[in-house]
Amino acid sequence: QVQLVESGGGLVQAGGSLRLSCAASGRTFSTYVMGWFRQAPGKERDVVAAISRSGGSTYYADSVKGRFTISRDNAKNTVYLQMNSLKPEDTAVYYCAADPGTITTMTALRRVDYWGKGTLVTVSS
């Protein structure tokens, strides 16, 4: 069982930056693939980024590639999403996700065992 708590959301102007954090409970954090999903009004929740257990492999949606960076610190049981050059279309509720599978099962199959409650990111133009 894993509990996930996001923080760092808020209001930012287009072109600005935010860093989201997700703190995970338990002592098995390093056994989970971690990811970030987002859901905008009227749209399906979809993957933004994912990172492997060791942090050696990452995945990014095309819409955020080159602007967002996912990272993790297993000693702190925390995963981060650094968001730069933000655009109004990035506005969404961002959810932290954990799963015992792989980057492929998380991103292609959308398999997620554990979700955070979400944090709202609003980007103004």
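## Close-up views of the predicted model

**View 1. Tyr 32 and Tyr 114 are both buried.** Buried here means under 20% relative accessible area, exposed means over 50%, and partly exposed lies in between (1.4 Å probe, protein chains only). This is a predicted model, in which local features need pLDDT of at least 70 and side-chain atom pairs need pLDDT 80 or more, while totals for chains, interfaces and linings use all residues. Residues are numbered from 1 along each chain as its sequence is written, and side-chain values use heavy atoms, with hydrogens and water left out.

**View 2. Aromatic rings pair up in this model, with a count of 3 pairs.** Tyr 32 sits in the loop between strand 3 and strand 4, and Tyr 114 sits in strand 10 (residues 114–115), 82 residues apart. Phe 37 and Trp 115 are also edge-to-face, with centres 5.0 Å apart and planes at 75 degrees. Phe 37 belongs to strand 4 and Trp 115 to strand 10, so this pair ties together parts that are 78 residues apart in sequence. Phe 37 is buried, at 2% relative accessible area. Trp 115 counts as partly exposed because its relative accessibility is 34%. Ring pairs join Phe 37, Tyr 95 and Trp 115 into a cluster. Rings of Phe, Tyr and Trp (its six-membered ring) pair if their centres lie within 6.5 Å; planes under 30 degrees apart are stacked, over 60 edge-to-face, and the rest tilted. Strands (E, at least two residues) and helices (H or I, at least four) are DSSP runs, numbered from the N terminus.

**View 3. Cys 22 and Cys 96 form a disulfide.** Their sulfur atoms lie 2.0 Å apart; the criterion is a pair of cysteine sulfur atoms within 2.5 Å. The angle about the S-S bond is -85 degrees, a left-handed link. Cys 22 is in strand 3 and Cys 96 in strand 9, 74 residues apart. Both cysteines, Cys 22 and Cys 96, are buried. A search of the whole structure finds 1 disulfide.

**View 4. The largest nonpolar core holds 31 residues.** Such a core is a set of buried Ala, Val, Leu, Ile, Met, Phe, Trp, Tyr and Cys residues joined through side-chain atoms within 4.5 Å. Leu 4, Met 34, Trp 36, Val 79, Leu 81, Met 83 and Tyr 94 touch the most other members. Among the elements giving two or more residues are strand 4 (33–39), strand 8 (78–83) and strand 11 (119–124). A second, separate core has 8 residues, including Val 47, Ala 97, Ile 103 and Val 112. In soluble globular proteins, nonpolar side chains tend to be buried together.

**View 5. Strand 7 and strand 8 form a hairpin with 4 residues between them.** The two strands, strand 7 and strand 8, run antiparallel over 6 bridges; pairing requires at least two DSSP bridges. In the turn, Asn 77 has a positive phi of about 50 degrees. Phe 68, Ile 70 and Arg 72 point to one face of strand 7 and are buried. Phe 68 stands opposite Met 83 in strand 8. Beyond four places in sequence, Met 83 contacts residues including Leu 18, Leu 20, Tyr 94 and Val 121. Contact means heavy atoms within 4.5 Å.

**View 6. Strand 1 (residues 4–7) has a covered face and an uncovered one.** Leu 4 and Glu 6 are on the covered face, Val 5 and Ser 7 on the uncovered face. Strand 1 joins strand 3 (residues 18–24) through 4 bridges, antiparallel. Leu 4 stands opposite Ala 24 in strand 3.

**View 7. Arg 19 lies in strand 3.** Arg 19 counts as exposed, at 54% relative accessibility. The Arg 19 side chain makes a polar contact with the Gln 82 side chain, at 2.8 Å. A polar contact is a pair of N or O atoms within 3.5 Å; within protein, one must be able to donate a hydrogen and the other to accept it, and residues adjacent in sequence count only if both atoms are side-chain atoms. Setting aside neighbours within four places in sequence, Arg 19 also contacts Ser 7, Gly 8, Tyr 80 and Leu 81.

**View 8. Ser 52 is found in the loop between strand 5 and strand 6 (58–60).** Ser 52 counts as buried, at 14% relative accessibility. Not counting residues up to four places away in sequence, Ser 52 touches Ser 57, Arg 72 and Ile 103.
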